[in-house]
Amino acid sequence: MAFDEMGQATETENKIAICSRAYHLLVEKVHFNPNDIIFDPNILTIGTGMEEHNLYAINFINATKTIKETLPGARISGGLSNLSFSFRGMDAIREAMHGVFLYHAIKYGMDMGIVNAGNLPVYDDIQKELLQLCENLIWNKDPDATEKLLHYAQNHAQGGRKVVQTDEWRKSSVEERLEYALTKGIEKYVTADTEEARLNQQKYPRPLNVIEGPLMNGMKIVGDLFGAGKMFLPQVIKSARVMKKAVGHLIPYMEKEREERRAKQGSIEEEDPYHGTIILATVKGDVHDIGKNIVGVVLGCNNFRVIDLGVMTPCDKILRAAVENKADIIGLSGLITPSLDEMIFVAKEMERLAIKIPLLIGGATTSKTHTAVKIAPRYSAPVIHVLDASKSVVVCSQLLDKSVKDDFFEEILEEYEEIRQEHYESLKERRYLSLQQARRKGFHNDWLSGRKPVKPKFIGTKVFEDYDLKRLVEYIDWKPFFDVWQLRGKYPNRGFPKVFNDKTVGEEAKRVYNDAQNLLKMLINQKKLQARGVVGFWPAQSVQDDIHLYAVEEAVGSSEPIAKFYGLRQQAEKDSACTDPYYCLSDFIAPLDSGICDYLGLFAVACFGVDELCNEFRKQDDEYNVIMVKALGDRLAEAFAEELHERVRREFWAYCSTEQLDLSDLRRIKYEGIRPAPGYPSQPDHTEKLTMWKLANIEETTGIGLTESLAMIPASAVSGLYFSSPKSKYFAVGKICKDQVEDYALRKNLSVAEVEKWLGPILGYDTE
């Protein structure tokens, strides 16, 4: 298969290069018979809605043609099911795509393939309209080919519900009205309709029957539509709000009934109308929970009882809640890398205490590989990585379905065992430079002949106690906002504002955006949110991989530095054809012995008031606006970082005082300098924040704090360092070796074990 050290080949040139390299190694070095070589240049999925996937079919066909022409004797194979994976569940579409693709690929030299031959249609027998749609998709002739194929499938499918017009739905039965209100997210009449159903005691003798009947039926439709991609996250959140309002109306009647039954019968067994109980928590030390909130709402819409323990939740609280609430599943969430260790600790404690319920792992810093390698081996019950909200429903349903859960767990065990084996094999296969070699091959700037570093307008810090939010609105990057709501347009309507033109999500994206604009206006005008921050600059010099800061220029070289920032250097061996150096952030600061005085800046900014607003909305059972406020708070904090960096370049440091860039150029990082953050790829060590906080008195001057895992409080916060060198660039340190870990620990005066704990995700070796 066309894989190399960089991963799977997707482009024509890469496919050809990898297969050619393998061919020459086999034929010329191993003297392998070229007629026994079979290449699979990767048939990849098209029709995904992502522009970069549009040429995958063409790339395979073109690569096949060149390979057959230039590598004598080699055969070509491929798995057809990948091609049509976007249309799973639509067998007629998939079979037609396979037939059309093979018709052309065979002409270009494809010899064999993996496909259900019994279901392959004859090219000429494919219905003409469908044939043309498949041709357009495979050859990328029509940017709307995916949408047209989906439309074709819908028009040629059997059944389908009649859509009730908006002016008719109030004439329907109460059950249909409740269903409609839930699927459309209409709150206006839900209390009256719920009461009407409750009063029909012949049909619903008890208030609980209203929940179990029409309300749950409506939410089942919501869950099914969302799972099928026919309903979008903002709509689901609104449906949940309607459901909570309906249930909230019934709760007093249910409590009254319970008291009456208890008085009559004594102790009674509690009834549970839910599929199961799920405990959700952001782990200790972490404050990010917007993704977890969304998962909770989606699970709630699918008839799961969700108990959300919030953020910074210690292990004992999680496990106690699981026992007290007879939980069926525990879900852990985290954004920052130290949260990974806390998840491992929770798994170990669950094993020690023999709490044998499934454990779900999710959040931006998590991965299936980390879950399989580091967490699952610590716990004998199921441990499963869940990618997003839509996947959580399927996983939870399978784990709680007695007829399939054992087989599902067995599949997970097998899959994770394969992942572990691949992980450990890859560790053996990776090649690294020693730290000394990497330093010799680092980035060495010509500081004497290049432009001299510009001195900032002030040395020390400048605090912003109540930054004008109106300045930040135009700097908001809306793309991540729509990502939160899982509203992603398809080419050519990806990104903001083109997403509004998307046929599938455009209308909902406009609605959500308008809601966001209205809420944002209110929050700013009523001063519900406050932006605070600090920026600072100091004379700085690099000493090997570290950066020393001084109180004043005169102290450079003659006094001890007032702070040191420690750097990590790339060590993973690069391709022989690659001339890139092995970067470390210190490479972008003039060395101490250069005689050139350089400078380093830092910043920390945050949006305050989000949690208080969320509590207000939560009291109103308004999860939609809870998520909306969190998303807007995050966007404002990022906008603050963007706008402040622009002011730094033009005003406070003024090393680019004449810069005139539009917003699109800012997003593409067309400016000079960088603002890397500790805990991110250029410096993955979160403990560097401690130096920042001490140096600039960040908590005392702004109120922005750090948790024990070094997450920032409030959650809508951004911090980082400023580098002014025009040669500075973002990079990923990647995996590092033990020699660098030991050297780094020595420089930081920490134990190797402590450093390994903080740098766990980037270690190029196994610590156990």
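Q8 is in contact (heavy atoms within 4.5 Å) with A2, F3, N42 and L44, leaving aside its neighbours within four places in sequence. Q8 sits in strand β2 (residues 7-8); helices (H or I, at least four residues) and strands (E, at least two) are DSSP runs numbered from the N terminus. Q8 has a relative accessible area of 37% and is therefore partly exposed, where buried means under 20% relative accessible area, exposed over 50%, and partly exposed in between (1.4 Å probe, protein chains only). From Q8 to I18 the C-alpha to C-alpha distance is 9.7 Å, at a separation of ten residues in sequence.

The model is predicted, and local features need pLDDT of at least 70, side-chain atom pairs count only at pLDDT 80 or more, and totals for chains, interfaces and linings use all residues. Residues are numbered from 1 along each chain as its sequence is written, and side-chain values use heavy atoms, with hydrogens and water left out.

**Overall shape and surface**

- The protein has 25 helices and 17 strands.
- Its radius of gyration is 29 Å, close to the 27 Å that the globule rule gives for 768 residues, so the protein is as compact as a globular protein of that length. The radius is taken over C-alpha atoms, and the globule rule is 2.2 Å times the number of residues to the power 0.38.
- The C-alpha trace spans about 90 × 70 × 55 Å along the principal axes of the protein.
- Of the 768 residues in the protein, 53% are buried.
- Among contacts between residues at least 6 apart in sequence, 73% join residues at least 24 apart.

**Helix packing**

- Two packed helices are described by the angle between their axes and the distance between the axes. Axes are lines fitted to C-alpha atoms, for helices over the stretch in contact, and angles run from 0 to 180 degrees between N-to-C directions.
- Helix α6 (residues 174-184) and helix α9 (residues 233-265) have axes that come within 6 Å and cross at roughly 135°. This makes α6 oblique to α9; angles under 35 degrees count as roughly parallel, over 145 as roughly antiparallel, 65 to 115 as roughly perpendicular and the rest as oblique.
- On the α6 side the contact is made by A181, L182 and T183, and on the α9 side by S239, V242 and M243. These residues divide into four nonpolar, two polar and no charged. Ala, Val, Leu, Ile, Met, Phe, Trp, Tyr, Cys and Pro count as nonpolar, Asp, Glu, Lys and Arg as charged, and the others, Gly among them, as polar.
- Helix α19 (residues 610-619) packs on helix α20 (residues 623-652) at an angle of about 170°, with the axes 8 Å apart. The two helices are therefore roughly antiparallel to each other.
- V610, L613, C614, F617 and R618 of α19 meet E623, N625, V626, V629, K630 and G633 of α20. The contact of α19 with α20 has six nonpolar, two polar and three charged residues.

**Buried positions**

- S339 is in helix α12 (residues 338-352) and, at 0% relative accessibility, counts as buried. Beyond its neighbours within four places in sequence, S339 is in contact with V283, D286 and G334.
- V605 belongs to strand β14 (residues 598-608) and also counts as buried, at 0% relative accessibility.
- Leaving aside neighbours within four places in sequence, V605 is in contact with R532, G533, A637, F640, A641, L644, I704, S716, A717 and V718. V605 and A327 are 278 residues apart in sequence and 39 Å apart in space, C-alpha to C-alpha.

**Backbone exceptions**

- Most residues other than glycine have a negative phi, and most peptide bonds are trans.
- F496 and P497 are joined by a cis peptide bond with omega about 0°; P497 lies in the loop between α17 (479-484) and α18 (506-525).
- The bond from I713 to P714 is cis, with omega near 5°, and P714 lies in the loop between β16 (712-713) and β17 (717-722).
- H31, which is not a glycine, has a positive phi of about 60°. H31 is in the loop between α1 (12-29) and β3 (38-39) and counts as exposed at 66% relative accessibility.
- K326 has a positive phi near 50°. K326 lies in the loop between α11 (315-324) and β7 (329-333) and is exposed, at 70% relative accessibility.
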